[in-house]
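Keep the 3D view open as you read.

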Amino acid sequence: PQTPPSASAAAAWAAEDAVLEANDTPSFQLTYPGKARELLKGQGFLFALAAFVASIGCTNVVSAFTAPELARAGFPEGFSTDLAGAGFQVAIVVGGIGLGRYVDQTKQFKKVMLTCLSTAIFLLVGLGISEGYEQSFAPAAVVALLLALGAAVGPVQPIAAELAVEVAYPCDENAVEATQQLAGNLFSALLVPLCQVASSYDLQFGGRQADMRGDTLVLIALVGLTAVYFTNFNAPLERTMLDEGS
């Protein structure tokens, strides 16, 4: 746009112009490590980072093991399994668009994030039981749980990314996104093999009437601990405060 859409954008443009005016000749310096250190020291950023990492880790593990998990639940192999996996990805996108728009309008970051994480825990429990060996759920019920999980835990990523920009303002938005993606993908790379090993463990309960695999227990612990940690979030939304005060 020809004019800044908000006060925070105007301030960012002014800062960029000041840097350009101060440097007559272009300089190529590696600035990201310093920006990342500043982000990790900032109030509130670690909460957004933890939520982002938990969300991307959970969705990546579920995506990686969709076929074998559905097979254990008695779901027919072939195109229907592929369609269920695709539906999980679509649910992530649709949930992100809907909840992301709501949060953008209301700024209820903490309420929505805790609701998503808490809902995901219950859905993981249901999905874990349905994918065990002792219970037999209808394929439609298993798919419904899978899609609901995508719609609940997937939106945490874009909402956490927006929250990180809010609390880290005026830090570079590219540095914020790069830090979250780096941490999330690195964590996922470690979480997937961990869940693969944990899947060989089978927890039986209810008088051996139901069971749950170890990989699901890992995801439940991850999302649960993140939700408990996020309850302590109380950082101010710096960018919104600037926009509303101008």
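Start where two helices meet, H6 (residues 109–130) and H10 (residues 214–230). On the H6 side, the residues in contact (heavy atoms within 4.5 Å) include Phe109, Met113, Leu117, Ile121 and Gly128. Among their partners in H10 are Thr216, Ile220, Val223, Ala227 and Phe230. Helices here are DSSP runs of H or I with at least four residues, numbered from the N terminus. This is a predicted model, where local features need pLDDT of at least 70 and side-chain atom pairs count only at pLDDT 80 or more, while totals for chains, interfaces and linings use all residues. Residues are numbered from 1 along each chain as its sequence is written, and side-chain values use heavy atoms, with hydrogens and water left out.

How do H6 and H10 cross? Their axes come within 9 Å and cross at roughly 160°. Axes are lines fitted to C-alpha atoms, for helices over the stretch in contact, and the angles run from 0 to 180 degrees between N-to-C directions. H6 and H10 are therefore roughly antiparallel, a label for angles over 145 degrees. Their crossing is left-handed, meaning that the near helix is turned anticlockwise from the far one by less than a right angle.

Now move to H3 and H9 (residues 173–198), which pack at about 45° with their axes 8 Å apart. That makes H3 oblique to H9; oblique covers whatever is left once angles under 35 degrees (roughly parallel), over 145 (roughly antiparallel) and 65 to 115 (roughly perpendicular) are taken out. The contact involves, among others, Phe45, Phe52, Ile56 and Val61 of H3, along with Val176, Ala183, Ser188 and Cys195 of H9. The crossing of H3 and H9 is right-handed, which is the clockwise case.

Stay with H3 (residues 45–64) a moment and find Ser55. Is Ser55 buried or exposed? With 0% relative accessibility, Ser55 counts as buried; the cut-offs are under 20% relative accessible area for buried, over 50% for exposed and partly exposed in between, using a 1.4 Å probe and protein chains only. Ser55 sits 9.8 Å from Ser188, C-alpha to C-alpha, though 133 residues separate the two in sequence. Leaving aside neighbours within four places in sequence, Ser55 is in contact with Val153, Gly154, Val156 and Gln157. The side chain of Ser55 also reaches the backbone oxygen of Val153 at 2.6 Å.

Val153 brings us to H7 (residues 139–153). Val153 is one of the buried residues of H7, as are Leu145, Leu149 and Ala152.

Glu166 has 1% relative accessibility, so Glu166 counts as buried. Setting aside residues up to four places away in sequence, Glu166 touches Lys107, Phe109, Leu237, Glu238, Arg239 and Thr240. The side chains of Glu166 and Arg239 are joined by a polar contact of 3.4 Å.

In the loop between H8 and H9 you'll find Pro170, and the peptide bond from Tyr169 to Pro170 is cis, with omega near 10°. Lys107 lies in the loop between H5 (79–106) and H6. Phi of Lys107 is near 65°, a positive value in a residue other than glycine, and Lys107 is partly exposed, with a relative accessible area of 25%.

Methods
A polar contact is a pair of N or O atoms within 3.5 Å; within protein, one must be able to donate a hydrogen and the other to accept it, and residues adjacent in sequence count only if both atoms are side-chain atoms. The expected span of a helix is 1.5 Å times one less than its number of residues.
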